[in-house]
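Please look over the sequence and the model shown here, and then read the briefing below with both in view.

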Amino acid sequence: MTLRYDNEVAQDRRARGKRKPNSRARKGVLAGFPAGSPARRRATVNAVRRSQLLERFVDYLLAEGLAGLSLRPAAEAIGTSARMLVHHFGSKENLLTEALAAARARQIAVVSRGHDQGISSFDGVFRASWARLASEEFRQYLHLSYEVLALALRDRRRYRSFLATLTEE
């Protein structure tokens, strides 16, 4: 039954002209599965689905914030169920840890965008940096960072990885 599902998924992808997303699979997930095996295809599909869910969850956190976060409404908003989020991430805490790390990586990408533009003066660097930091795009990351920081100061154990990353940067 699962093999039939894998074949249907493959046929659907071929019909839409999309290639298999092997290149986006997490490292280590496919190790031990022979190339072309049903188990490898399932692992690839699961890794891609997990990545998509994580990206959608990060978008949800940026829009809604972290205070009062409940898994069911969040899952519904991103088009899945709480059960599937737990299936892919193990727990709400693991999901939150990975989502905050992904949001932080996005935030760093926004800040570092444009650093290679060859600005010749300090004033030019300052203005370009300020424009990025004052943008609407960056503001959502700033709000989430301050919200998590405030929560982390109250519950250091729960937000340990966030605090460690924050102090290392």
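Predicted model: local features only at pLDDT ≥ 70, side-chain atom pairs only at ≥ 80, totals over all residues.

Residues are numbered from 1 along each chain as its sequence is written, and side-chain values use heavy atoms, with hydrogens and water left out.

**The core**

- A nonpolar core is a set of buried Ala, Val, Leu, Ile, Met, Phe, Trp, Tyr and Cys residues joined through side-chain atoms within 4.5 Å, where buried means under 20% relative accessible area and exposed over 50%, with partly exposed in between (1.4 Å probe, protein chains only).
- The largest such core holds 31 residues, and Phe57 and Leu61 touch the most other members.
- Helices that each supply at least two residues of this core include H2 (38-64), H3 (71-78) and H4 (82-89); helices are DSSP runs (H or I, at least four residues), numbered from the N terminus.
- Leaving aside residues up to four places away in sequence, Phe57 touches Leu69, Ala74, Ile78, Leu95, Leu96 and Ala99, contact meaning heavy atoms within 4.5 Å.

**The sides of H4**

- Ala82, Leu85, His88 and Phe89 of H4 are buried.
- These four lie on the same side of H4, because they cover an arc of only 130 degrees around the axis, the arc being that of the directions from the helix axis to the C-beta atoms.
- Arg83 and His87, on the other side of H4, are exposed.
- After H4 comes Gly90, whose phi is positive, near 90 degrees.
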